Amino acid sequence: MSAAFAILIDTALKGLIFIAAAAIASYALRNRSAAARHAVWTAAVIGHLALPVASLIVPQWRLPLLPTPTWLNVETPSSPAAAGITSTSSETTVAAPEIIEPESAPAVLQSPVAQPERGKWPASSILGMLWLLGSALILLRLAIGTWRVGRLAKFGDRVDDGEWLSLTQRVASRIGITRPLTLLRGDSVTIPVTWGVIYPAVLLPPEANDWPEARRRFVLVHEMAHVKRFDALTQLIAQITVAILWFNPFLWYAAHRMRVEREHACDDYVIRDGTVPSLYAGELLEMVQSIGSQNRGSAVPAFAALAMARRSEFEGRMLAILDSRQERKSLDRKTALAASVALVLFVLPLAALRPFEPTPAIPVVAQIPVAVPAAATKTNTGHNPLSEIACDSVMSIPVTADNSTRWTHLHSLTDDSGNNKILEFLSYRPGRCAQAIVSGPGTYASDQLSSLPPGSHAYLREISGTQNRLVRIEAASDGAMIYTASVGGESAAYDAAAQRWVARLLPEALKEAAINAPARVTLWLSTGGVDGVLSEITRINNSSSKRIHYQALIERKQLTPKDAEAVRTHALRSLSGSSSDLKAVLATMSKGTSSASLMSQYGAVNDPTMILMALQGAKEISSDTDRLTLLSTIAPKALGKKNATLRRAYFEATAQMTSDTDLKGALIAALQHGNGEPEITLAVFKAVGTQMTSDTDKRTTLATVVERRLLKTSGLREAFMVAARTIESSTDFTALMEAALK
């Protein structure tokens with residue numbers, strides 16, 4: 001919660017610079033177009049959302065001008081990440097912890113920070129609850145307003161009057177709107193209302209049929225100006241920003257100025273279209289006077305839709321409309337692009353700025369007695385003494401509250417012949433640290449070190465709650481291996497107990513490094529069969545090592561169909577966190593098979609990652625027929641999950657198809673899931689209109705849409721007609737229209 005407060009307050013304070021700059025720029029542009037002023041205020045609001053995102057990406061720019069406030073001191077070095085460890089589950093190989101010098105390793109780590117009194121809530125928790133409550137109320141207000149707008153659309157009647165539709169088409173063409181616009185009439189409004197980003201709609205009051213053509217025209221121009229300018233989108237962004245930073249009154253003011261300048265900019269469209277300002281002002285006055293005068297309620301919420309007139313904003317609009325000196329240009333693309341670049345150049349340095357002097361937080365740690373053993377002192381063995389105390393350093397790191405941190409670090413270096421030159425292994429779980437270092441290309445038999453070249457050495461270490469054991473192995477000039485053992489920092493004999501300990505610890509490191517994996521798998525097969533091998537692979541943490549052992553199993557045994565399925569299922573579960581390793585295992589199992597067969601194996605399981613891999617691989621298949629077979633097979637899993645990533649990957653694969661017949665099959669397979677997700681049907685319409693050349697295949701695909709009763713919304717019906725109009729054959733088009741009208 002403290003980290004969240006730091007981000008919110010930092011954004012709010014830096015956002016004041018945005019708002020101040022916007023106010024100055026707006027004043028300087030007071031005689032310029034309202035579109036320019038709206039762009040300025042929109043940039044100020046969007047900048048509030050961009051700041052926290054950019055601060056996570058750009059490098060820090062420290063300019064210590066002020067002392068660090070208490071709300072910014074949110075670092076928690078007592079966490080594993082702050083202590084130098086990246087923690088994950090026991091199935092993940094992660095970065096090694098920072099090595100601590102012997103002189104700096106503390107004997108006892110104690111907590112210097114007093115714990116909060118029991119029963120009292122921290123101030124950050126109380127403020128956090130207040131912030132969440134405020135954000136929830138504003139978002140709830142937006143949701144209710146959106147619901148009200150949706151009901152207006154649901155119960156509104158679609159305008160089918162020829163005069164209105166003809167005028168709408170002419171105005172849209174004149175303004176340059178290509179998106180489909182729905183014109184509705186409802187009994188619940190007294191003024192025109194516009195909403196919708198992708199599929200905009202305009203709701204007219206019931207008396208709109210009695211309006212003269214002049215009023216009809218400027219109403220449509222004003223509302224279509226909102227559509228042209230994507231005002232519904234900028235309004236939504238403003239509402240989300242206000243919900244996040246609701247405690248900032250200056251942001252509320254910026255959002256208000258956005259709304260005011262937005263209406264002025266749309267009024268400018270009307271006047272540029274030829275409407276006399278005095279006539280337009282008079283008509284607007286009549287509309288404003290009608291608000292609330294009838295039993296149909298007032299205008300819809302300003303935060304959920306764009307109403308043409310509101311009493312609270314009318315006086316300023318009248319003055320702007322009648323001001324002959326006012327510039328009324330719209331914002332062209334070059335100016336908008338320049339404004340966007342300026343916003344980025346303004347956001348990045350502001351996001352990087354850290355104007356406070358950093359003050360490290362004091363960690364709260366548990367008391368862990370750790371003694372630095374005598375073995376940590378520098379010796380003449382030739383290896384790095386810092387490596388010897390890695391376990392001491394790890395066991396000295398403050399534990400977390402749940403004490404569940406587990407990780408494995410592995411570093412292996414091979415020579416040109418593939419022999420291991422260096423092996424470093426470090427594993428930690430609560431209460432136990434194990435370490436193994438082998439420096440030199442050793443040879444191994446039955447998971448034990450059988451020889452080392454002269455001058456090489458090995459080092460094994462384990463610290464737990466019951467023991468602190470160490471064994472060094474050095475190779476003499478004649479090749480003989482010399483063993484030196486210690487227990488608890490005191491010299492000890494390399495006896496049978498020490499040998500059993502080495503025989504247990506060294507294989508753990510060799511398995512994680514996948515050294516001698518084929519021989520190890522052969523041994524496992526001889527004692528436990530395929531099930532035994534899979535059981536042993538489960539105990540390996542390193543996903544790369546798991547992959548190598550799977551591949552050794554596949555290459556050393558002719559798997560029966562039952563065993564092959566067991567290996568495939570086990571790998572899918574065990575390597576779910578590493579798609580590259582899983583892909584390599586499945587590829588090894590499928591040697592000699594086609595790419596389509598391999599991709600089908602990826603899609604055979606109900607795992608989104610594997611399904612995505614199959615869809616991405618489908619783009620590489622050369623045969624459209626094979627691609628169709630694959631897409632038809634995995635369509636239920638890819639499109640039945642309402643997953644936008646999988647849906648996009650599916651249609652990216654269909655975009656590679658050049659055969660209209662095969663493309664038709666893939667699109668019809670997708671339409672089986674169109675009832676649950678309209679985006680699928682829209683993607684099919686796009687593919688029909690842009691990829692297909694055969695009128696017959698177009699008609700068949702679109703007829704399938706009709707047969708499955710997928711045209712449930714006005715947006716879908718309009719997209720259907722756009723795709724249908726690409727059919728050049730009058731026979732096919734007529735047949736499709738007849739099917740649609742049944």
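## Terms and overview

Ala, Val, Leu, Ile, Met, Phe, Trp, Tyr, Cys and Pro are counted here as nonpolar, Asp, Glu, Lys and Arg as charged, and the others, Gly among them, as polar.

The structure is a predicted model. Its protein chain has 742 residues, and 46% of them are buried. The chain contains 26 helices and 18 strands. Among contacts with a separation of 6 or more, 66% are between residues 24 or more positions apart.

## The largest pocket

The largest pocket holds about 960 Å³ of space. Its lining consists of 33 residues, and those nearest the centre are Arg 158, Pro 180, Glu 718, Met 721 and Arg 725. Two or more lining residues come from each of helix H4 (162–175), strand S4 (182–185), helix H24 (695–707), helix H25 (714–724) and helix H26 (730–741).

Helix H25 contributes the most to this lining, with six residues. By residue type, the lining of the largest pocket has 19 nonpolar, five polar and nine charged residues.

## The second largest pocket

The second largest pocket has about 780 Å³ of space. It is lined by 22 residues; Ala 39, Arg 229, Thr 234, Leu 331 and Ala 336 lie nearest the centre. At least two lining residues are supplied by each of helix H2 (34–55), helix H5 (213–229), helix H6 (231–244) and helix H10 (333–352).

Helix H2 provides the largest share of this lining, six residues. The lining of the second largest pocket is made up of 12 nonpolar, five polar and five charged residues.

## Cavities

The model contains four cavities of 30 Å³ or more. The second largest cavity has a volume of about 60 Å³. Residues lining this cavity include Arg 179, Thr 194, Gly 196, His 226, Phe 230, Asp 231 and Leu 306. Helices H5 and H6 are the elements that give two or more residues to the lining of the second largest cavity.

The largest share, three residues, is from H6. Seven residues of the lining of this second largest cavity are nonpolar, three are polar and two are charged.

Glu 223 is located in helix H5. Glu 223 counts as buried because its relative accessibility is 0%, and the cut-off for buried is under 20%. The side chain of Glu 223 makes a polar contact of 2.2 Å with the side chain of Thr 194. Thr 194 is also one of the residues lining the second largest cavity.

In soluble globular proteins, nonpolar side chains tend to be buried together. The largest nonpolar core in this model has 44 residues, of which Leu 615, Tyr 650 and Leu 702 touch the most other members. Each of helix H19 (608–618), helix H20 (624–639), helix H21 (644–654), helix H22 (660–671), helix H23 (678–690), H24, H25 and H26 supplies at least two residues of this core. The most come from H20, which gives seven residues.

Beyond its neighbours within four places in sequence, Leu 702 is in contact with Phe 685, Val 688, Phe 720, Ala 723, Ala 724, Ile 727 and Leu 736. Another core, of 40 residues, lies apart from the largest one; Val 159, Ile 175, Leu 204 and Ala 225 are among its members.

Conventions
Residues numbered from 1 in each chain as written. Predicted model: local features only at pLDDT ≥ 70, side-chain atom pairs only at ≥ 80, totals over all residues. Heavy atoms only, no water. 1 Å grid on protein atoms, 1.4 Å probe; cavity = no way out; pocket = protein on both sides within 12 Å on 5 of 7 lines; lining within 4 Å. Points joined across faces, edges and corners; volume = space filled by probe spheres on them. Helix = DSSP H or I, 4+ residues; strand = E, 2+ residues; numbered from the N terminus. Buried < 20%, exposed > 50% of the residue type's maximum accessible area, 1.4 Å probe, protein only. Polar contact = N/O pair within 3.5 Å; in protein donor to acceptor, adjacent residues only side chain to side chain. Core = buried A, V, L, I, M, F, W, Y, C linked by side-chain atoms within 4.5 Å. Contact = heavy atoms within 4.5 Å.
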